[in-house]
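Reader: I am new to this structure and would like to understand the words used to describe it. Could you show me the model and then take me through the terms, one by one?

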Amino acid sequence: MVFVEVSPGIFINFGKNEAPNKANGWAISNTGFIIGDESVLVIDAGPSYQYASEMIEYIKKVTNSQINYLVITHHHPDHSFGISKFLEIDTKVIISNSELKNYLKYGNKLLLQMKKKVGDDWFENTSINEFNNNKQKFPFSIDLGSRKIDINLYTDGHSGGDLTVTDKNSHIVFGGDLVFNERAPTIPHANILNWLRYLDEISNFNWSGLVPGHGPIIKKKNKLDFTKKWIQHIHYIARDAVKKGLSPAEVLELGVPEFLSSTKLAKETWNRDVPVLMKHYENDN
Amino acid sequence: MYFIRGFLCLISFMLFFINLANAGPFSDFKASAILSEELASSPTQKRDTPNSESLKQAINLLDPEKSEIWPELSRLFLGELAKVNFESEIRVIMQDHVEEPHEVPLIVKLPDHLHNFKEFILLIENNPIQQVIKLIPYRAIESIGMNVRLEDDSPVRAAVKDKDGLWHIGSKMVFVSSPGGCSSPSCDVTTEICDPGEIGKLILKNYDREAGAGRLKIKIIHPMDTGLVSSPAGEIIPEYFINSIFLDDIDGPIAVMETYAALSTDPVILIDLAEKGQSIRAKAKDSHGLEFFSFKNSSIM
Ligand SMILES: [Zn+2]
């Protein structure tokens, strides 16, 4: 675990830009924290109790401010399964209502699958815990002590309710998995058209740096184009295949469209997400 | 821990590749055109199943001469004295690597000379429920698709009997990253039993293909319980599945199918006909004896 201080008081641990495996223990997404005079706000809890524990140790080494807030950008396990550790130290967990529901609904099934895939010992003490998000309304602001933070909600975009975190001092934005960089975006719970709209909105803000859920920090707006292109095409291809009555197996046999195929995890992501999207569109019909 | 583990696994990952390089059967497996040309030429993907032992074993198992399971499987499902012929022309199209083992889509495309086959059986060697479907056609069928459960890495075999009684077998090796498609619940394990949906709702669709050919697609809302999954209370959920499907149209019967719980929850079947069917109807029955119809007046079937 290596946290980089990308701006004074803002630290990021960049996740492994690879698929979950036995070596990375599912630590594939970016996590971060922002230090104010009184409080620390953590962005995403990582994939496990163990990960969260190491993160907390690290934070305590660099600041005396209290770890009062944890923002979970969305329920996917690489971002949320460290929650159990933060609850132990009484951190207030900020998550959208829909994503709290999804975390509780799918958590145990996902945890079981993850243990099977990368090994039980990565997930020792990791559990899916009920907690209260006090039906938080968004957007809202938090003062960490000489440091204002805005938290915004994007309903039914990449997930049921993605949160973004904006530091008003540095103009750095944590985009969660609404934003990917140099990696294929994952869409299992996405509404593509909303997501595209949100990407345009985010792209129009005046940020100095945009921290994606996966991949290196973004400084230039055109870095968002790949995510847009990917989700537009996967949407189009899945919808068209459902119209024609194709089997997902036939669509996958054609492979990832060439202009999308060079990015990291293109094939794995495509193969996993095309059938999921097709199923959504089938049910809509 | 997030440091040390990386190193250990790098080593095992390297060993895995060394092993792969030595594994003769792997190259045979590619060369035998089990993969279609398109699939073989698509960019190869880094394997994320670094268990070299199981990989080697699984590849050996694809070779029916080395498989310990195949002879028994053939005897059980194709008959004591079945004559079999392995053919790369029968294309079993599905992913090489599967993440969600409860629902794996596949389609079997048959070569021209087998369109008038007499019987079709799909078998998954390493499943606790090995037989997925048996289909008897009443007219020419060009391909058959479905969604299946995979318990673990396994060869998938499509067996097609011709008019002379000879079995033609197409094979595909599939790797599963989180096993348990038959024995683990397909929804939340602790808080709820699967949402049953409208059991028996039958959706039938008829699509155009090129030159007057057609594809029909049946989806049946059904749990397809395997009898191998425990409820949150720890009790086995008994097996309960669609066990037969019958299809016809204005020209008479199209096909009759025996089906098993190795089909996924809410099974989907695709059938390609040389000539698009007219006013197709479907009827299904489950292991409790309930009957489901794609149409209103069921007394006529
Ligand atoms: Zn993520």
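Author: Ring pairs link F3(A), F11(A), F33(A) and Y58(A) into a cluster. This is a predicted model, in which local features need pLDDT of at least 70 and side-chain atom pairs count only at pLDDT 80 or more, while totals for chains, interfaces and linings use all residues. Residues are numbered from 1 along each chain as its sequence is written, chains are lettered from A and ligands numbered from 1 in the order in which they are written, and side-chain values use heavy atoms, with hydrogens and water left out.

Reader: Why is the pair of F11(A) and Y58(A) called edge-to-face?

Author: Rings of Phe, Tyr and Trp (its six-membered ring) pair if their centres lie within 6.5 Å, and planes under 30 degrees apart count as stacked, over 60 as edge-to-face and the rest as tilted. The structure holds 15 aromatic pairs over all chains. In the pair of F11(A) and Y58(A), the centres are 6.5 Å apart and the planes make an angle of 65°, so the pair counts as edge-to-face.

Reader: What makes this pair a tie between parts of chain A?

Author: F11(A) lies in strand 2 (residues 10-13) and Y58(A) in helix 1 (residues 49-62) of chain A, so the pair ties together parts that are 47 residues apart in sequence. Helices (H or I, at least four residues) and strands (E, at least two) are DSSP runs, numbered from the N terminus.

Reader: How do you know whether F11(A) is buried or exposed?

Author: Buried means under 20% relative accessible area, exposed over 50%, and partly exposed in between (1.4 Å probe, protein chains only). F11(A) has a relative accessible area of 7% and is therefore buried, whereas Y58(A), with 24%, is partly exposed.

Reader: Why are helix 6 of chain A and helix 8 of chain A called oblique to each other?

Author: Angles under 35 degrees count as roughly parallel, over 145 as roughly antiparallel, 65 to 115 as roughly perpendicular and the rest as oblique; axes are lines fitted to C-alpha atoms, for helices over the stretch in contact, and angles run from 0 to 180 degrees between N-to-C directions. Helix 6 (residues 225-244) and helix 8 (residues 266-284) of chain A pack at an angle of about 50°, with their axes 9 Å apart, and these two helices are therefore oblique to each other. The contact (heavy atoms within 4.5 Å) is made by residues including W230(A) and I234(A) of helix 6 and W270(A) and L277(A) of helix 8 of chain A.

Reader: What makes helix 5 of chain A and helix 6 of chain A roughly antiparallel?

Author: The axes of helix 5 (residues 192-204) of chain A and helix 6 of chain A come within 10 Å and cross at roughly 165°, and the two helices are therefore roughly antiparallel to each other. Among the residues that meet there are W195(A) and L199(A) in helix 5 of chain A and I231(A) and H235(A) in helix 6 of chain A.

Reader: How do you know that the charged end of R157(B) sits over the ring of W70(B)?

Author: A charge sits over a ring if NZ of Lys or CZ of Arg is within 6 Å of the ring centre and within 35 degrees of the ring normal. The charged end of R157(B) is 5.1 Å from the centre of the ring of W70(B), and the charged end of R281(B) sits over the ring of F295(B), 4.8 Å from its centre.

Reader: What is noted about the backbone at H171(A) and at P139(A)?

Author: Most residues other than glycine have a negative phi, and most peptide bonds are trans. H171(A), which is not a glycine, has a positive phi of about 60°, and H171(A) is found in the loop between strand 9 (161-167) and strand 10 (172-180) of chain A. A cis peptide bond, with omega about -5°, joins F138(A) and P139(A), and P139(A) has its place in the loop between helix 4 (97-118) and strand 7 (140-143) of chain A.

Reader: Why is I151(A) counted as buried, and what makes I236(B) exposed?

Author: I151(A), found in strand 8 (residues 148-155) of chain A, has 0% relative accessibility and so counts as buried; the residues in contact with I151(A) include L41(A), F138(A) and P139(A). I236(B) lies in the loop between strand 11 (214-220) and strand 12 (242-249) of chain B, and with a relative accessible area of 51% I236(B) is exposed.

How values were computed:
Lists of a residue's contacts leave out its neighbours within four places in sequence.
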